[in-house]
Amino acid sequence: MNNIVLALLVIVTGYIVKITLFPSYKQNPNLKSKGKKKPEVEKKKPIVEGSFTPRQLSQYNGHDEKEIFIAVKGTVYNASSARGFYGPSGPYSNFAGHDASRGLAKNSFEFDVIRTFEQPIDDLNDLTETEKVALDDWEALFKRKYPVVGKLVAEET
Ligand code: HEM
Ligand SMILES: *[C@@H]1O[C@H](CO)[C@@H](O)[C@H](O)[C@H]1NC(C)=O
């Protein structure tokens, strides 16, 4: 009799310890069997603290990285859904992986209005009022259409 009580106690204690130490086994059925594929999100490379230096951002041009991220006024948007516009063979592919602010302000997608990752982040201070208004309109479209994935930050020196 005592042995049975003891055995039950061991089993119950063991179970409590297990779900305390490994709660995911209980909550996430995908982790249960080793052979099963893990959910997609877990395989994704983590995005560094939701902030991107121009150099990091440049990877997300739809070519080096499949995803397409574009910065507008310091905010980085996930424009992957508009691959037709910004993807490698799209008309606005120059913006992909870049800070598009100056180009949007000046209504140009030429490389001479798009900074490379070697240049400092554009402070946009020299834009005219008209250009600032144009940029704000574009920013409103990006806000409406694309999820934010982070901030554009300067590289640490
Ligand atoms: C040659 C003249 C141009 C024509 C005929 C043209 C035409 C178009 C059209 C039809 C769209 C798709 C609109 C939609 O379906 O929502 C579009 C989108 C766009 N255009 Fe142009 N465009 C021209 C020049 C430019 C220039 C110079 C820029 C530079 C800033 C530009 C930036 C954009 C951007 C960023 C989008 C995509 C916006 C989004 O993400 O939804 N376009 N353009
Ligand atoms: C970006 O958007 C695409 C499709 O629109 C999605 O598959 C992808 O998970 C998104 N990436 C991030 C980091 O939000």
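I looked up what lines the largest pocket: α7 (129-145) gives the largest share, three residues. This is a predicted model, where local features need pLDDT of at least 70, side-chain atom pairs count only at pLDDT 80 or more, and totals for chains, interfaces and linings use all residues. Residues are numbered from 1 along each chain as its sequence is written, chains are lettered from A and ligands numbered from 1 in the order written, and side-chain values use heavy atoms, leaving out hydrogens and water.

My note on terms: a pocket is an open set of points on a 1 Å grid over the protein atoms alone, where a 1.4 Å probe fits, with protein on both sides within 12 Å along at least five of seven lines; lining residues have an atom within 4 Å of a point. Helices (H or I, at least four residues) and strands (E, at least two) are DSSP runs, numbered from the N terminus.

Which residues lie nearest the centre of the largest pocket? I found Y86, Y92, F95, L104 and W138, out of 13 lining residues.

Next I checked F142. Skipping neighbours within four places in sequence, F142 is in contact (heavy atoms within 4.5 Å) with I70, V72, Y77, Y86 and L104.

Then I turned to strand β2 (residues 69-72). Is β2 covered on one face or both? Both: F69 and A71 on one side, and I70 and V72 on the other, are all buried, meaning under 20% relative accessible area with a 1.4 Å probe, protein chains only.

Last, I followed β2 to its partner, β3 (residues 75-78): they run antiparallel, joined by four bridges. Two strands pair if DSSP finds at least two bridges between them. I noted that A71 has V76 as its bridge partner in β3.

Methods: Buried means under 20% relative accessible area, exposed over 50%, partly exposed in between (1.4 Å probe, protein chains only).
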